[in-house]
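Take a look at the model below. We will walk through it step by step, starting inside one chain and ending where two chains meet.

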Amino acid sequence: MVNVKKAISQFIGGIQCVLGVVASVFAFIIYTSSSMRETLAIASEGEVYLYMFLSSIFGVFSILSGLLLVRGEK
Amino acid sequence: MGEGCLKRELGLLQATMMGIGGAICAGVFVTLGYAATLAGTALIIAMVLCGIINLFTMLSYAELGAAIPSAGGEYTFAKVSFGGFLSFATGWFEWISNVFYASFSAVGFAYIISYAVQAANLPIPINVPAIAVITVAIFTVINIKGVKETGRTETALVIVLLALLGTFVFWGLFSGQGTGSLELSAPGGFLGIFKATAFIFVVYLGGEAIAVAQAEIKDPGKTIPRAILLSCIALIVIYTAVAFVVFKMVPPENLAGKDSPLAYVAEQFMGPVGVGIITVAGSIAALSSLNTSIMAQSRVAYALARDGYFPRSFFTLHKRFSTPHIAIFAGSIFAAAIAATGVVNFVAYATDFGFIIGFVFVNLSLMKLRKEKVNLYRPFKVPFYPLTPILGIGASLLLIAFLEPSTLFIGAQLFIFGLIVYYIRMVGHYRICLAIGGMNLGISMFSALVAFLIITGSLPLSLPQNTILLLFWTALSISLIYLIASLLNITRKEKR
């Protein structure tokens, strides 16, 4: 039972870390790539920063949560 | 010996050069053009005004640095006076601004090199991020080798820089050429002068590196105030003299839109030699700022680790060189990673915000300590107290109000990251798990709601049906993953 919980924790933690990295990279791409902004129909500078803010907060939080799960079950 | 095993090896000359070198960054070589369009020839007044505003806060640094000469600068002052989260926030902003400043200087240096190679038509491929990263690596090694080496490198760089700027100024003063006018005129009136003051204030930032290295300065009670005041006065003289020569040579409107206004002015009366001198000066200014900021970030990280906010390993010193090598190395890795992105604007904004917030906290710390620790031995005292620190706080807050909205946005983000770091270090592991579990549950519920709104067509999405289905399954999967993560965190047992 303990081993199953450990395996699930590491799997879910790993997915959260990957999602966090993807969200952080997405935040960076929104900031640097004008073509991405056009694709996502982001019109104003305010929207760029809002999307960046939400993505980076989500990214950092996910990485943190993922690391807690992965490391906590070692 | 200084704090722990940090060695007191920096004398008055090296400390002063650290203050001057920390402040004269590549910024002064590029900001003059836009500032001149705001304030006209009255930019000379704005330069002096900036210097005086800077001096208000630097006097506070001088008093606190002489009274509490431990590693960490602003962070240490805030810790003695406030403690808790306020001191951590001060240290956090100080550390992160210096890391960003190191990146900014390295990228600035790489751009100057790239510009010079292109101008000289040399067939050398230039990769700006690669040069920036290599430059950070070189100065990391110098910093690890010892504070004496850092101080010597800084002194050498700043002496060459001052010689080059001196050549520009004296050549300009004694040159018979020039189409400019020294008659003061401000097209934007007082508001224009004030806007220019806020815009160019960045050229004075970085001089507080003296306070950060205070645990390694000899005879701190005398040397720190002298070095801070000398560097402040030197900066006012240098910048005002440069602005004076610029307007003697060309009218302010000619500087608008120029990538390197100083190089343009130098070309007018010195020819290609002038462009060369200014380009070399710009690259040396960037290197001296990089050297100072790598040193400064490491001493702040060292002090934060001493008090348990940063990993304990940052508090260890190299056995042979007596430098906080792990703190130097870790900060440099961050700086190199940011420099590798080559995103200059973001880095510049983050640097400005952090330094200005630090100014506010230093003045507040001075006022609190004057009130609460009356008997603290103060080898130097701020004149005209409490007017001087109040003016320092007022000017800093006014500068924050004049910053670009994006700067404030980035500052808010850095604050949130700082808050996360603080709680991770200060709150127990079990409580962190509970908090993270709760937030995971929130994200899970939110994602489930989004999935529901997508599948019921309540969200106005003008996308193909397949994409809408993909979005639905993505939101549902995220909801499930975060729900499981939440349960795993919440059901964790407390370790005793």
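What covers the buried residues of α6(B)? Keep in mind that this is a predicted model. The cover includes α5 (84-119), α7 (147-174), α12 (272-306) and α13 of chain B.

Now look at α6 of chain B itself. This helix runs over residues 128-145. Its 18 residues, at 1.5 Å a residue, should span 26 Å, and the end C-alpha atoms are 26 Å apart, so the two values agree. Its buried residues include I131(B), T135(B) and F139(B). V136(B), T140(B) and N143(B) are buried too. An α-helix has 3.6 residues a turn, so residues three or four places apart point the same way. Just after α6(B) comes G146(B), with a positive phi of about 150°.

Next comes α13 of chain B, one of the helices in that cover. It takes in residues 325-341.

Finally, turn to the contact between the chains. Chain A gives 17 residues and chain B gives 17 residues. On the side of chain A, α1 (2-32) and α3 (45-72) each give two or more residues. The largest share, 11 residues, comes from α3(A). What kinds of residue make up this side of chain A? There are 11 nonpolar, 6 polar and no charged residues.

Methods. Residues numbered from 1 in each chain as written. Chains lettered and ligands numbered in written order. Predicted model: local features only at pLDDT ≥ 70, side-chain atom pairs only at ≥ 80, totals over all residues. Contact = placed C-beta atoms within 7 Å. Helix = DSSP H or I, 4+ residues; strand = E, 2+ residues; numbered from the N terminus. Nonpolar A, V, L, I, M, F, W, Y, C, P; charged D, E, K, R; others polar. Expected span 1.5 Å × (residues − 1). Buried ≥ 20, exposed ≤ 12 C-beta atoms within 10 Å, placed from the backbone.
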